[in-house]
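Hi,

Here is the structure I promised to pass on.

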Number of protein chains: 2
Amino acid sequence: MTPVFPAHSVGVVTPQRLRVDEPIALECGVSLPGYELVYETYGQLNAARDNAVLVCHALSGDHHAAGYHAEDDKRPGWWDNCIGPGKPVDTERFFVVCPNNLGGCAGSTGPLSVNPATGKRFGPDFPIVTVRDWVVSQARLADALGIDAWAAVLGGSLGGMQALQWTVDFPTRIRHAIVIAAASKLSTQNIAFNEVARHAIRSDANFHGGRYYEHGVVPEHGLMLARMLGHITYLSDDVLMARFGRELRDGKPGFGYDVEFQIESYLRHQGTSFVKRFDANTYLLMTRSLDYFDPARDHDGRLAQAVARTRAKYLVVSFSSDWRFSPARSREIVRALLDADRDVSYVDIESEQGHDSFLLEVPMYHHVLRTYFQGIPLSAITP
Amino acid sequence: MTPVFPAHSVGVVTPQRLRVDEPIALECGVSLPGYELVYETYGQLNAARDNAVLVCHALSGDHHAAGYHAEDDKRPGWWDNCIGPGKPVDTERFFVVCPNNLGGCAGSTGPLSVNPATGKRFGPDFPIVTVRDWVVSQARLADALGIDAWAAVLGGSLGGMQALQWTVDFPTRIRHAIVIAAASKLSTQNIAFNEVARHAIRSDANFHGGRYYEHGVVPEHGLMLARMLGHITYLSDDVLMARFGRELRDGKPGFGYDVEFQIESYLRHQGTSFVKRFDANTYLLMTRSLDYFDPARDHDGRLAQAVARTRAKYLVVSFSSDWRFSPARSREIVRALLDADRDVSYVDIESEQGHDSFLLEVPMYHHVLRTYFQGIPLSAITP
C-alpha cells in the first residue's frame, strides 16, 4: 500500500542518533563525559556540503520537525508546514537537520537519561544547559555530519536565540541566521511567567525534589499548570476572544468550577496532553536556560558589542500581536546589529495569532521565509 | 500618648458588623437564611443623608479601605491614599462605607463561616455569589444605615463592576458611578488566567475538595501560585522591567532554581504573604464571580440596552498600561453608555503601573477623582 501524505511532505522519516564520546564542558561548570543527540534530517547534503540548514527547536519542541514517523501517523512534525519539498525551507534544495536539544526529553541525553554514575535517571542532577551549550553540542553534530558551515540556522522563540548565539560563537560556521519571534534576553515579565511555571512544578506534591521517576509518579498538575499558563501567553487577547469567545456552555452560569467556558476546556486539554509527552525536569531546565540567555552579559550589556565579530547575514522576524516576545524585542536585536554594521533584514508580520504565529502558516511570513531561503546562494544544485 | 498618623488620615477605625436576618435569594438558586457583613465607615452621614459613598472592593480586597486598626498599625487600609480628610474622596464632606463582600474571608459571611446546618465551616458548600448578589446585599446595608441613595458608588476592577451593576439594578439609589479599571465583562484571556489560578488551587494536594479546614491545612502552594500569577498581570511589562530589572543576584547565573532574579523573590514574597491573609475558597468564588459578570447577558449581549434605564452619572477611568483591564474595555462601557444616551465622563490616565494603577496615587488620576467628587452636589454640608 502506498502511503498517502499531503503534497510537499518529506514523507516518513526515521530519527537518527549521534553518540559523542568527547566530554562537553557546560557553562555551569559541570562536564558531561559524553552525550547523545537524537535528530532528524530532510533532503540531501549536496556535494559541496554547503546546503545544510539547522533548525533549532523552542521550549517544548523536539527533533521531529517535519514528515511522519509512520505511514499511519496522524500528525506530522511540528514545523511541517515550513519544511519540505517546495516549502519555504525547501528540502529539494536544502539539507535540513533538526536535533532534540541536550537536556531535552525526546531522546537526547537529559534528565530522563540514566546517569552512569548511579544507574538511576539523572532527574534533578542533570545540569542546567544553556543556549551556548546547545550551540556547542550542535557544532559537534555538524562535525559528525561533515558540515563545515551551515547555510542557515533558524528557529523561533528559544530556537531564534540559538540561531543568534550561533553567529556569536561560531562566526565562520554560519552564513545566515533567521531569528524569529525571539529576544536577545527575556523581559522581566517573561522571567516572572517562567518562575510561576517552575513554582507550579516544584510545589507539586508529586515532584519529590525532581526524583519523581523513582516514586512512579509525575508532577502532572504542576506541569499541566505550566503548560496552561504558557498557552495563554502564546496567543493574543484578540485571538483568544475570536477563537474561544466567552459564551457559557449552557447560555447561563452553572455556578460551579467545572468547565463552563470553551477556553477552560481548551486549556485543560492542552495541559493534560502535554503531561503525557513532556518531562517536568526538562521543562524546568528549558525555562531556566531561557532566563539566562543574554549574549550581551559579557559585554557590559552591549549587544552591539556581542555581535561585533559575527559574519552571518540576519533575517529577524517578529509578529505584531506577539506580546510574549514582542516586536520591540526583535527591534532591539535589529538595532544592535545595525549599530554593529551587520547585514540584517527585518520584517514585522501582521498577525493576530500572537507568539504562536511562528509555528503557523501565516501567508506573509511564509512568503518572507521562502524568498529569503531562495536567495541563499549554493555552490551546487542538490542532486 | 497621642498617635502620630500621617496628615489627612481618618485615624483609627473600628470595623462594624451588620446582621441581616432576612433571607437572600442568590442568583445561583441558593437562598441564604441570613448573613453578616463586616464594614467600615469614614466621615459622617449628613442630616440630609445624601452624602454617602459606597466603596466596593476588588478580588483580594476587604472592608478596611482607610485608616488604621490600632495606634501601632504599620499599614493603613488598602485605599488610604484616596479616602480621608482632604483626599480625593474627602471624608470631611462624604460619609464613606466599605463592606467586605458576601463570600469574602475578612469577616463577612463566606466559606470560612460556620454553616448552621452542619456545625462546620461552609467551605466548598458556600454558594457562588455574583456581582448582582453583592449589590443586593449592599443595598440592605444601605437600608440599615438609613441611606436611600448613594451619592456615589465607586471601585476599581471587580469593584468597578459592582458600581456599574448598582446603576442597573437600583437606578434610583445611586447618583454617581465611578467605574475604574473595569470591564463590562471579562475577556477570554482574563477567564483563562482565572482558570489557571483556580486550577492551581484545586489541584493542590492540600485542597481536599475545599474541605482543607477539616484537615488542618491550606492549599498554600496553589493559592500562592494564583497570587503570583495575578501580580504579573497587575503590572505592565515596562514597570516590571523598570522596577525589578533582570540582573542576576550574583552578576552571573547560579545554575539552579533558587531565587536569582529580583522578580522571583518579589513574586514569592507576594505569594507567601497572601496565603497568610486570604482564603482559597473565597479566591475561587471571587474569580468565578468575575468570569460570570456580564450585565448585557440578559439583553442579547447589548450593553446599551442593559444600561438604558439607569439614571446615574458615570465617570469611567482606565489606565494606559493596564493590559488586564485595558482602556479598550473601558471604552466599550463608555460607548454603550453613549449609545444609551447616558451622562458619562471618561478619562484614560497615562500610567506605567498597569492594572495596579487604580490603587496607587497617580497624580492625574487622583486629580480627576478629587475634581469629580468635588462636583457632586450635596444638599447640606457635613457637620
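**What I found**

In chain A, strand S1 and strand S4 (residues 35-42) pair in the antiparallel sense, with five bridges between them. Within that pair, A:Arg17 has A:Val38 of S4(A) as its bridge partner. Before you go further, bear in mind that this is a predicted model.

**The sheet in chain A**

Those two strands belong to an open sheet of eight strands in chain A, in the order S1-S4-S8-S5-S9-S10-S11-S12, with mixed pairing. Strands S1 (16-20) and S12 (343-349) of chain A stand at the edges with a single partner strand each, so one side of each has no neighbour in the sheet. On average, neighbouring strands of this sheet are turned by 20 degrees against each other, ignoring direction.

How many of the residues of strand S9 (residues 152-156) of chain A are buried? Five of its five, so to speak the strand is mostly covered. As a general point, side chains in a regular strand alternate between the two faces of the sheet. Here, A:Ala152, A:Leu154 and A:Gly156 point one way from S9(A), while A:Val153 and A:Gly155 point the other way, and all are buried.

S9(A) has these partners:

- Strand S5 (residues 52-55) of chain A runs parallel to S9(A) and is joined to it by three bridges. A:Val53 stands opposite A:Ala152 of S9(A).
- Strand S10 (residues 176-180) of chain A also runs parallel to S9(A), joined by four bridges. Here A:Leu154 stands opposite A:Ile178 of S10(A).

S9(A) and S10(A) also make a right-handed β-α-β unit together with helix H2 (residues 158-169) of chain A.

**Helices on the sheet**

Helix H9 (residues 327-339) of chain A lies across S10, S11 (313-319) and S12 of chain A, at about 160 degrees to S11(A). Helix H10 (residues 363-374) of chain A lies across S5, S9, S10, S11 and S12 of chain A, and runs at about 175 degrees to S11(A).

Then there is A:Val131, which lies in helix H1 (residues 131-144) of chain A. Is A:Val131 buried or exposed? Its relative accessible area is 3%, and a residue under 20% is called buried, so A:Val131 is buried. Leaving aside residues up to four places away in sequence, A:Val131 touches A:Leu158, A:Met161, A:Gln162, A:Gln165, A:Ser289 and A:Phe293. By contrast, A:Gly254 is 123 residues from A:Val131 in sequence and 47 Å from it in space, C-alpha to C-alpha.

**The two chains together**

How are the copies related? In general, two copies of a chain are related by a rotation about an axis and a shift along it. In this model, a rotation of 180 degrees with 0.0 Å of shift along its axis superposes chain B on chain A, with an RMSD of 0.0 Å. That is the relation of a two-fold axis. In chain B, the C-alpha nearest the axis belongs to B:Ala205, at 3.1 Å from it. The same surface serves both copies, as 100% of the contact residues of chain B recur in chain A.

At the interface, 57 residues of chain B are in contact with 57 residues of chain A. About 5,100 Å² of area is buried between the two chains, and carbon and sulfur atoms give 65% of that. B:Arg246, B:Phe255 and B:Tyr257 supply 17% of the area that chain B buries against chain A, more than any other three residues.

A:Thr188 counts as buried, at 0% relative accessibility. Its contacts include B:Leu240, B:Met241, B:Phe244, B:Gly245, B:Arg246 and B:Ile263.

Most residues other than glycine have a negative phi.

- B:Ser157 lies in the loop between strand S11 (152-156) and helix H2 (158-169) of chain B, and counts as buried at 9% relative accessibility.
- B:Asp300 lies in the loop between helix H7 (280-292) and helix H8 (303-306) of chain B, and counts as exposed at 66% relative accessibility.

Cheers

How values were computed:
Residues are numbered from 1 along each chain as its sequence is written. Chains are lettered from A and ligands numbered from 1 in the order in which they are written. This is a predicted model: local features need pLDDT of at least 70, side-chain atom pairs count only at pLDDT 80 or more; totals for chains, interfaces and linings use all residues. Side-chain values use heavy atoms; hydrogens and water are left out. Buried means under 20% relative accessible area, exposed over 50%, partly exposed in between (1.4 Å probe, protein chains only). Two strands pair if DSSP finds at least two bridges between them. A crossover is right-handed if, with the strands pointing away from the viewer, the path from the first strand over the helix to the second runs clockwise. Axes are lines fitted to C-alpha atoms, for helices over the stretch in contact, and angles run from 0 to 180 degrees between N-to-C directions. Contact means heavy atoms within 4.5 Å. Copies are superposed by least squares on the C-alpha atoms of residues with pLDDT of at least 70 in both. Buried area is the accessible area (1.4 Å probe) that two parts lose on being put together, summed over both.
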